[in-house]
Amino acid sequence: VLVESHGEKDDSNEGTVVDFRGNPVDKSKTGGWLAAGLILGSELSERICVMGISMNLVTYLVGDLHISAAKSATIVTNFMGALNLLGLLGGFLADAKLGRYLTVALSASITALGVILLTLATTIPSMRPPYCDDYRRKHHECIEANGRQLALLYAALYTTALGGGGIKSNVSGFGSDQFDVADPKEEKAMIFFFNRFYFGISLGSLFAVIVLVYIQDNVGRGWGYGISAVTMVIAVAVLICGTPWYRFKKPQGSPLTIVWRVLLLALKKKNQPYPSHPSLLNDYDNRKVPYTPRFKFLDKAAILDDNCAANAEKNNTWLVSTVTHVEEVKMVIKLLPIWSTCILFWTIYSQMTTFTVEQATIMHRKIGSFVIPAGSFSAFLIISILLFTSLNEKVFVPLARKITHNPQGITSLQRIGIGLVFSVAAMVGAAIIEKERREIAVEKEVKISAFWLLVQFFLVGAGEAFAYVGQLEFFIREAPDRMKSMSTGLFLSTISMGFFVSSLLVSIVDHVTNRNWLRNNLNKGKLNNFYWLLAVLGFLNFLVFLILASRHQYKIQLPIEPESGEKELKGLNGETIQDMEKKASLQAVGEVEP
């Protein structure tokens, strides 16, 4: 058995790393970049499939299924929202029962099935309404696809979303499991893992928006989606073949159970007085993480009442929590404020897959006699991501290290903040360009070059290079170790909520403006006003982020095992756990003082 499930795990099993036979790992034969590379093949293929779908789906919905622009945009953003939201389910299953390896393997197989169904949905003639010529389209006489025709399409999209969510929430965590942060050499490799991980999957995105989008538009949708399905099947085979080289961390029980149990016990014991010192809390001496004074009301879950002490039931986690579990729940709660401010970035990003592609369809896209597919302009988004991801690793991070003397160079929150600034700038540029495009199209009946869209693609891509890596690193590093997959799912839920917020905003704006802003014919609408709205919301969100980020206390990285004879755990910087707890306590006090 590769990964065993034991339900609720004892804390002594935390961090247990084994090979595929269940034996302690041989670091010379397992893990490292080889294992991580084989694992990331699944995410590379998932990105090829999802980007190949999302970046060009709106043109199929509008052009072939004759669905309105606003409704098509909502279908795309709901699909992407569901995919990332299902990452929470994938993370939960991995942490609680299946382990990351089995979850990634099963999810990749489901994704392959979904893309095969999508190939059928776009190939079978009866799954599309009758062809609509330019005359009928101009007079709004096209027949929209009916429910029966959309049924297979929806089934394919949400099957793909189910599998994609499982891959996304686990593949980065499983990849990072291949490095031992206690080993200086492997920790150094780990610093670059997230950057290279994102660089690699961006190459897959680039292939999707250039090659697959062109095939979809000029050869056939079936061929484009069929190639995606084949790459996913190959990725599953590669993942399974690499099994002997992986390091596996055993699942340690449902992290959600720990969360709600601590909250329930804290509420149940709300009337009990706090102990005179935190050391009187249950299992304080055996804590795996430092005690912190933040969210002190949760400490009540670890209060040993007379009944528990008398009956020696301090190990019964349904009656009293441990300090370790309470502190892990505090870590999760500390993530939520930053989580909330990450959502709007992805709302802005979602416009690159919907309205920006729609803009490209009515702009000049020719180079000589060659017409660039509207969806392929997303390639410039990916190129921008690749450029700034490379600059991060080769220029920005090394330079920041020299200036700050911080091994990370740029902290995860600083990355997120830079990404938010780029996203606001992108919407300002998009609004200005769309206003000029519409005025020239209406007054002079001239199509301006679609290459003007590079401004918003470039700025959003630069923002994503910072924000995606920053958010992924933040949620994985700052979450408890036992909840690594669920925390990745929490990160993906920000992307999900961003797409859902986009759908909600489109619906609200459509209703409030009587469909004057977002029309099928963009020349008769006011899309630039919608972009200005996003710019204003993005700026306000950035101000809130600055306030929350300035108050965030990074997770104290523990611990190196104590040397024999020592009674004090020591952190990575040589401080004792007690020293670090004292420092955290002083920081917390400083925040509430005037």
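Is phenylalanine 380 buried, partly exposed or exposed? Phenylalanine 380 is partly exposed, its relative accessible area being 27%. This briefing concerns a predicted model. A search of the whole structure finds 24 aromatic pairs and eleven salt bridges, while disulfides number zero.

**Aromatic contacts**

- Across the whole structure, the search returns 24 aromatic pairs. In one of them, the ring centres of phenylalanine 377 and phenylalanine 380 are 6.1 Å apart and the ring planes meet at 40°, so the pair is classed as tilted.
- Phenylalanine 377 is buried, at 0% relative accessibility, whereas phenylalanine 380 is partly exposed at 27%.
- One aromatic cluster is formed by Phe345, Trp346, Tyr349, Tyr468, Phe474, Phe475, Phe491 and Phe499.
- Two lysines lie over the face of tyrosine 274: lysine 296 is 4.9 Å from the ring centre, and lysine 300 is 4.8 Å from it.

**Salt bridges**

- Glutamate 46 and lysine 168 form a salt bridge through their side chains, with an N to O distance of 3.7 Å. Glutamate 46 belongs to helix α1 (residues 32-63) and lysine 168 to helix α4 (residues 147-176), so this pair ties together parts that are 122 residues apart in sequence.
- Both partners are buried: glutamate 46 has a relative accessibility of 0%, and lysine 168 has a relative accessible area of 9%.
- Glu43 joins Glu46 and Lys168 in a network of salt bridges.
- A salt bridge also connects the side chains of lysine 71 and glutamate 144, at 3.1 Å from N to O. The pair links distant parts of the chain, 73 residues apart, with lysine 71 in helix α2 (residues 69-123) and glutamate 144 in the loop between α3 (134-138) and α4.
- Lysine 71 is partly exposed, with a relative accessible area of 37%, and glutamate 144 is partly exposed at 35%.
- Aspartate 299 pairs with lysine 330 in a salt bridge whose closest N and O atoms are 2.9 Å apart. Aspartate 299 lies in the loop between α7 and α8 (306-310) and lysine 330 in helix α9 (residues 323-350), so the bridge ties together parts that are 31 residues apart in sequence.
- Aspartate 299 and lysine 330 are both buried.

**Cysteines**

- The structure has zero disulfides.
- Cysteine 241 is exposed, at 56% relative accessibility, whereas cysteine 342 is buried, with a relative accessible area of 0%.

**Helix α7**

- Helix α7 (residues 255-268) comprises 14 residues and reaches 20 Å from its first C-alpha to its last, close to the 20 Å expected at 1.5 Å a residue.
- The buried residues of α7 include Pro255, Ile258, Arg261 and Leu265.

Definitions and conventions. Residues numbered from 1 in each chain as written. Predicted model: local features only at pLDDT ≥ 70, side-chain atom pairs only at ≥ 80, totals over all residues. Heavy atoms only, no water. Phe/Tyr/Trp six-rings, centres within 6.5 Å; stacked < 30°, edge-to-face > 60°. Buried < 20%, exposed > 50% of the residue type's maximum accessible area, 1.4 Å probe, protein only. Lys NZ or Arg CZ within 6 Å of the ring centre and 35° of its normal. Disulfide = S-S within 2.5 Å. Helix = DSSP H or I, 4+ residues; strand = E, 2+ residues; numbered from the N terminus. Expected span 1.5 Å × (residues − 1). Salt bridge = Lys/Arg side-chain N within 4 Å of Asp/Glu carboxyl O.
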